[in-house]
Amino acid sequence: MGAPDTPPIFRRGHPSGYNPFTRGLMPKRRDELERTWTALPRLDAGGARHAFLLVLSGPQFGDIFPLTTGKDLIIGRRDDADLVIGDDAVSRRHAIIRVEGEGAVLRDLASANGTFVDGTRRIDARLSDGARIQIGGATTLKFVWADELEARWQMKIAEGALQDPLTGLYNRRHLEERLATELASAQRHRRPIAVLLADVDHFKTVNDQFGHLAGDEALKMISFVLRGAIRKEDLLARFGGEEFVVLARETGLSGARALAERIRKAVERSRCAWQGHELGLTVSVGVTVSSARTEFHPGKSDRELIEAADRALYLAKQGGRNRVVAVQVPLQDGGPAQS
């Protein structure tokens with residue numbers, strides 16, 4: 001069978017089919033099967049090598065793009081690009097790459113921010129194994145020739161750097177990188193962005209009464225429930241301990257509050273089976289939304305957004321737990337406006 005006309009992107013992934021109740025795999029939705037891959041394609045046997053682009057930095061860190069030999073492939077931000085890069089500083093049609101032999105030819109398409117190969121701005125360049133390509137503000141790509149075993153190893157390294165080992169969710173490091181990028185983009189396009197900070201209520205009681213293994217199982221269950229409650233475009237991460245963060249693009253205060261309520265109710269309805277016991281858990285959720293009018297300051301604005309969500313979470317805890325409190329930022333002199 002010949003290679004497909006447009007190579008798919010093989011993304012890092014979490015075990016979204018994991019069911020903590022049955023220890024089995026649940027069938028994925030059709031859109032998940034079409035949009036997300038957590039394994040590499042079946043390549044030729046015998047250690048045959050193939051061309052890939054590996055994302056070393058930027059919002060899609062760890063993604064791997066298999067490249068089709070002898071075909072011009074557009075790299076850009078547009079949805080109809082062959083290799084879509086979700087970096088706001090990447091041009092819609094940024095560059096074109098064509099695999100020839102054991103190398104590739106790269107050509108810049110008059111991009112706004114240029115294309116750099118191994119640190120030098122280039123209009124066109126011949127790529128060999130290991131060449132590094134910088135495009136946009138944060139994205140670095142590596143051109144590699146690899147067999148299936150090497151490519152899987154590359155993905156495993158990327159997954160380990162991005163994922164929380166217990167839950168399979170994104171970790172705090174990746175969240176902070178994505179938040180800074182998404183917030184800058186939201187301010188540039190004058191669109192709101194919401195942060196939801198969820199904390200498991202009385203989690204210490206679970207550990208004290210049933211042990212830390214039960215606590216770990218409870219966190220896996222809640223992670224599974226949260227995945228099912230959020231939208232496919234939202235980013236979900238374990239922030240630390242029993243805290244989780246959802247990053248929701250283009251979502252105003254009312255929409256973010258509705259999303260938080262859906263999360264709260266989904267957790268409240270769920271049960272974690274543990275050694276003959278059914279553990280009922282709840283979460284409190286602090287919600288904040290960055291106004292599109294707010295000026296973005298790298299390292300400051302993203303920190304302030306998390307801090308505002310944390311203050312909202314504190315109010316939810318003080319209000320009796322198992323509830324949602326939402327505040328808008330920037331905060332007014334009189335304090336946060338609650339809803």
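User: What covers the buried residues of H6?

Analyst: The cover includes strands S12 (193-200), S14 (243-249), S17 (283-290) and S18 (324-329), together with helix H5 (212-229). Buried means under 20% relative accessible area, with a 1.4 Å probe and protein chains only. Helices (H or I, at least four residues) and strands (E, at least two) are DSSP runs, numbered from the N terminus. This is a predicted model, in which local features need pLDDT of at least 70 and side-chain atom pairs count only at pLDDT 80 or more, while totals for chains, interfaces and linings use all residues. Residues are numbered from 1 along each chain as its sequence is written, and side-chain values use heavy atoms, leaving out hydrogens and water.

User: Which residues of H6 are buried?

Analyst: They are Leu253, Ala256, Leu259, Ala260, Glu261, Ile263, Arg264, Ala266 and Val267.

User: And what span does H6 reach from its first C-alpha to its last?

Analyst: H6 (residues 253-269) has 17 residues and reaches 24 Å, close to the expected 24 Å. The expected span is 1.5 Å times one less than the number of residues.

User: Which residues touch the most other members in the largest nonpolar core?

Analyst: In that core of 37 residues, they are Leu196, Val200, Ile222, Phe244, Ile263, Val285 and Val287. A nonpolar core is a set of buried Ala, Val, Leu, Ile, Met, Phe, Trp, Tyr and Cys residues joined through side-chain atoms within 4.5 Å. The largest share of this core, eight residues, comes from H5.

User: What does Val200 touch?

Analyst: Leaving aside residues up to four places away in sequence, Val200 touches Leu219, Ile222, Glu242, Phe244, Leu281, Thr282, Val283 and Lys317. Contact here means heavy atoms within 4.5 Å. A second, separate core has 24 residues, including Leu53, Leu67, Ala95 and Leu127.

User: Changing topic, how many aromatic pairs does the structure hold?

Analyst: It holds zero. To pair, the ring centres of Phe, Tyr or Trp (its six-membered ring) must lie within 6.5 Å; planes under 30 degrees apart count as stacked, over 60 as edge-to-face and the rest as tilted.

User: Where does the charged end of Arg172 sit?

Analyst: It sits over the ring of Phe239, 4.0 Å from the ring centre. The criterion is NZ of Lys or CZ of Arg within 6 Å of the ring centre and within 35 degrees of the ring normal.

User: In what order do the five strands of the open sheet come?

Analyst: The order is S4-S3-S5-S6-S9, with mixed pairing. Strands pair if DSSP finds at least two bridges between them. S4 (83-84) and S9 (124-127) are the edge strands.

How values were computed. Buried means under 20% relative accessible area, exposed over 50%, partly exposed in between (1.4 Å probe, protein chains only).
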